[in-house]
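Hi everyone, thanks for coming. Please have a look at the structure on the screen, and then I'll walk you through its ligands.

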Amino acid sequence: EAKKQGGNRAVFFSQELANQNERARLIANNLVQALYNNEYYMVYQPVYDLSNQKITSYEALIRWESPLIGSISPVEFIPLLEDSDLIVPVGRWILRQVALQVKLWELEGYNGFQVAINISVKQMMHREFLNDVKSIIQEAKISPRRLIFEITETVAVQNSELATQILSDLNHLGVKTALDDFGTGYSSLSILKLLPIQQVKVDRMFIMEMEQEDNKSLVILQGIIDIAKNLGMSTVMEGVETSEQLELLKNMGAQKIQGYLISRPIVAELAIELQKNTWKY
Ligand code: C2E
Ligand code: MG
Ligand code: MG
Ligand code: MG
């Protein structure tokens, strides 16, 4: 009986594995097509500044709607783009797309905010990266000051000298740099003094843990907020979903918040409507 069950389980698992492999293969095989068929698109999530009660930036996030596979999360396909080096052309497409959107908004009279773009390690380390950034900004005829480039801690861990150089080159071009998902990796606080960054985005894990009792996370979170502030960096709290979290964060002196409480990531047309929003948090 036990043997029979075990046998069934093995069949079940191998079927599941086969399905997973099939899906991964399907996704991997469609990454390039998706680019040519216009299946990728960008959505924008507002970042709200508590100090002036305005949306002071938006984060651009990629989406993929495949007619074959359905909608696929960037958590699933960004790593595949990285593995296959396709992150370079797709990353370039993202940059162009966002630069164009910034220009379009500007033409409509909306220019009082910045737009943040996620940059993957491989994309940033590519030899043509800085040239691409320069020429895309020039082609779109936008000010580099309108852009923020977000990178994760792994960048610094993997190749800190080169990363520091590229980030500082970006700063010289006039774009702002931000450290994304801060506090989840293995790096220490000293990364904040090592890297030329102007903004720290605190991972939503801290916000999720905030309301637990006996809270070490709360102490650490307060520390991060204070240290970043004293280093002259702005802070963004990621994943704020409830007004209780918002109240706690206000009391802690948090500066900027991003999360479903303010808005989910939405298409450009809807995102810009939020500029007219009179809601104050
Ligand atoms: P990220 O850069 O940390 O982006 C924030 C993620 O948190 C987004 O997920 C966003 O939809 C989600 N989020 C925002 N507010 C809330 C909230 O209140 N609650 C919860 N549960 N989630 C919230 P998304 O869009 O699925 O992106 C996931 C990750 O994929 C991003 O994390 C980023 O690392 C990567 N990614 C997304 N778009 C791009 C892109 O254009 N280029 C690159 N290189 N990576 C991207
Ligand atoms: Mg990000
Ligand atoms: Mg993040
Ligand atoms: Mg993240």
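Let's begin with how residues are sorted: Ala, Val, Leu, Ile, Met, Phe, Trp, Tyr, Cys and Pro count as nonpolar, Asp, Glu, Lys and Arg as charged, and the others, Gly among them, as polar. This is a predicted model, where local features need pLDDT of at least 70, side-chain atom pairs count only at pLDDT 80 or more, and totals for chains, interfaces and linings use all residues. Residues are numbered from 1 along each chain as its sequence is written, chains are lettered from A and ligands numbered from 1 in the order in which they are written, and side-chain values use heavy atoms, with hydrogens and water left out.

Now, ligand 1. The shell around ligand 1 divides into ten nonpolar, five polar and seven charged residues. Which residues come nearest to ligand 1? They are Arg-63, Asn-118, Asp-180, Glu-241 and Tyr-260. Strand β2 gives the largest share of the shell, four residues; helices and strands here are DSSP runs numbered from the N terminus (helices H or I, at least four residues; strands E, at least two).

Next, some distances. The side chain of Asp-180 has an N or O atom 2.8 Å from an oxygen atom of ligand 1, and a polar side-chain atom of Glu-241 lies 2.5 Å from a nitrogen atom of ligand 1. From Tyr-260, a backbone N or O atom is 2.8 Å from a ligand 1 oxygen atom. Taken alone, ligand 1 exposes 800 Å², and the protein buries 84% of that (areas come from the Shrake-Rupley method with a 1.4 Å probe).

On to the metals. Donors are N, O and S atoms within 2.8 Å of the metal (3.2 Å for Na, K and Ca), and water is not among the atoms, so sites may look incomplete. The magnesium ion (ligand 2) is coordinated at 2.0 to 2.2 Å by Glu-59 (OE), Asn-118 (OD1), Glu-150 (OE) and Asp-180 (OD). Glu-59 lies in strand β2 and Asp-180 in strand β6, so this pair ties together parts that are 121 residues apart in sequence.

What about the magnesium ion (ligand 3)? Its protein donors, 2.0 to 2.7 Å away, are Asp-180 (OD), Asp-181 (OD), Glu-238 (OE) and Glu-238 (OE). Along the chain, these donors follow the spacing D-D-x56-E. Finally, the two magnesium ions, ligand 3 and ligand 2, are 3.8 Å apart, and Asp-180 coordinates both.

Conventions
A residue is near a molecule or strand if one of its heavy atoms lies within 4 Å of it. A polar contact is a pair of N or O atoms within 3.5 Å; within protein, one must be able to donate a hydrogen and the other to accept it, and residues adjacent in sequence count only if both atoms are side-chain atoms.
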